[in-house]
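User: Could you take a close look at the aromatic ring pairs in this structure and walk me through them step by step?

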Amino acid sequence: MNQQQLAAEIDRRRTFAIISHPDAGKTTLTEKFLLYGGAIQSAGSVKGKQSDHHAVSDWMEMEKKRGISITSSVMQFEYDGYCINILDTPGHQDFSEDTYRTLMAADSAVMVIDAAKGIEPQTRKLFKVCAMRHIPIFTFINKLDRDAQDPFDLIDELEREFGIGTYPMNWPIGCGVGFKGVYDRDAHRILAFADAHRGRDRLTAIECDITDTAKLDELIGQTDREVLTEQVELLDGASADFDMDAVRAGKLSPVFFGSALNNFGIETFLEHFLRMTTGPLPRRAEGDIKVEPTEDHFSAFVFKIQANMNKAHRDRIAFMRIVSGRFDRNSEYLHVQGGRTLKLSQPQQMMAQERAVIDEAYAGDIIGVFDPGIFSIGDTVCDAKTRVVYEGIPYFAPERFAVVEQIDSMKRKQFAKGMNQIAQEGAIRIFIEPDSGMERVYVGVVGELQFDVLESRMKSEYGVEYRKYPLAYSAIRRVPDGVDPKSLHLFEVKWVQDFRGKNYLLFNNEWHVDNTLRNNEGLVLEEYGRDQQEE
Ligand code: G4P
């Protein structure tokens with residue numbers, strides 16, 4: 001493959017994450033993307049005719065049986081010449097770091113919002129991470145077929161809460177039972193909503209200028225026309241100008257209205273979105289190097305490790321985002337942190353319904369490889385000749401702590417192995433008291449759910465049960481190297497160490513952090529986060 005062909009393959013890739021608060025319609029929207037990409041054969045909505053329902057749910061059932069859920073993976077499909085990688089973010093009520101890491105692998109994000117509910121807590125958290133990475137955010141306001149909040153209120157809320165500009169690409173005409181469709185502001189077209197079609201036919205937009213009152217009256221009726229003209233006028237006057245650079249910098253979010261369940265607004269969304277979002281973006285590597293996707297050497301970083309994708313095989317998959325070049329199944333690559341050259345075994349991609357073994361992949365793609373326990377989150381895999389090391393994935397400081405203690409001393413080994421492996425995946429943080437063994441482990445998590453996951457995984461994968469004692473700590477700081485914690489005045493503070501012997505202090509709250517600093521003149525404590533990446 002020559003450079004031109006490589007560049008063309010990479011150029012047509014679009015890799016984005018889809019984020020939302022649970023129940024806003026993320027799964028439904030993802031399904032519909034796949035539907036339009038021709039990946040799912042079933043036409044019609046999930047809640048459509050019985051036959052349709054079966055087609056989609058059977059497919060979901062199949063995924064479930066294989067232990068892979070549509071909601072936990074990465075999917076690739078083709079649409080209109082583009083090769084699209086969707087990264088689904090787990091939508092637990094509880095905060096999960098996994099979601100944050102997934103966003104590291106995306107070049108843009110699609111935020112789904114329930115039109116009746118507006119911004120919800122999970123949306124807020126996810127948005128913050130997207131903003132931290134300055135990735136472009138496209139908003140899909142869903143469920144217009146139900147009663148919705150006033151569209152102006154919705155966009156106001158987005159701007160106020162997130163501190164970004166919005167640019168409604170289209171504007172809803174009514175909502176709930178009175179939902180008539182959307183008006184495409186730039187193309188001057190109306191996309192009429194007909195509940196009856198249920199996505200069976202592709203909708204044809206009707207060209208219609210906002211000033212053409214006669215035609216509008218015919219299409220949506222006089223009352224809705226009057227409201228629409230007034231609102232569009234207001235919008236044209238009030239909203240920011242469309243600015244592609246601002247979109248790309250994550251400062252302006254194009255907003256679309258629609259109804260995922262009814263396949264309404266999906267196609268226009270895809271068309272605009274694919275045009276506006278970028279192809280694979282360069283990434284920074286250590287030594288202040290910027291690696292461009294079209295460079296001819298292969299490089300990738302691991303952003304997610306998932307164990308037990310398939311219960312029967314006990315497999316562990318490391319997901320990596322390809323940053324540059326082309327991946328070839330038959331080549332050997334360097335696992336930088338492991339210091340070894342290896343052939344990636346069973347490289348696979350989720351091709352909509354299938355988990356397929358692949359021969360090649362390109363920058364922008366996500367591949368999953370079998371992991372015999374060698375990879376950690378943030379690791380780099382690359383051509384041995386052109387060694388690069390990607391800047392690690394930031395860790396989030398744990399906010400909840402507990403001590404877990406093994407019950408059965410005969411299972412000491414399994415307990416230690418399980419805790420270590422799950423920590424290595426990045427699902428939890430573990431610490432021990434200085435100079436003690438692994439019988440009592442301090443576990444730090446960001447969300448309560450991680451404790452539940454830990455308990456069930458330890459039981460099912462390692463056959464170990466443990467006792468858990470919740471702790472009141474909520475803050476953690478690292479003691480800089482060279483400072484001996486024994487020399488510090490510590491009051492109501494717990495001193496623990498990680499597996500590398502680095503020292504940390506656990507505090508009940510921020511007041512105790514300040515108090516410790518006051519009691520130890522000259523002491524500087526480090527935040528938990530960027531500096532704690534695997535070395
Ligand atoms: P999530 O992945 O963000 O958690 O949401 P999901 O797609 O599962 O959708 C949550 C619920 O909202 C589902 O209903 C889904 O059918 C419904 N929904 C999604 N998009 C729309 C829409 O445009 N309009 C309407 N009216 N509903 C929508 P459910 O009853 O919880 O599940 P199900 O029985 O439909 O599977």
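Analyst: In this predicted model, the count of aromatic pairs comes to 21, where rings of Phe, Tyr and Trp (its six-membered ring) pair if their centres lie within 6.5 Å, and where planes under 30 degrees apart count as stacked, over 60 as edge-to-face and the rest as tilted. A pair of aromatic rings is described by the distance of the centres and the angle of the planes. Take phenylalanine 16 and phenylalanine 273: their ring centres are 4.7 Å apart and their planes stand at 80 degrees, so this pair is edge-to-face. The two residues are 257 residues apart and link distant parts of the chain, since phenylalanine 16 belongs to strand β1 (residues 13-20) and phenylalanine 273 to helix α10 (residues 266-276); here helices (H or I, at least four residues) and strands (E, at least two) are DSSP runs, numbered from the N terminus. Phenylalanine 16 and phenylalanine 273 are both buried, a word that means under 20% relative accessible area, with exposed over 50% and partly exposed in between (1.4 Å probe, protein chains only).

Phenylalanine 273 also pairs with phenylalanine 269, and this pair is stacked, with 5.3 Å from centre to centre and 10 degrees between the planes. Both of these residues lie in helix α10, 4 residues apart, which is about one turn of the helix, and phenylalanine 269 is buried, as is phenylalanine 273. Ring pairs join Phe16, Phe269 and Phe273 into a cluster that also includes Phe33, Phe138, Phe140 and Phe256.

Among the contacts (heavy atoms within 4.5 Å) with a separation of 6 or more, 70% are between residues 24 or more positions apart.

Residues are numbered from 1 along each chain as its sequence is written, and side-chain values use heavy atoms, with hydrogens and water left out. As the model is predicted, local features need pLDDT of at least 70 and side-chain atom pairs count only at pLDDT 80 or more, while totals for chains, interfaces and linings use all residues.
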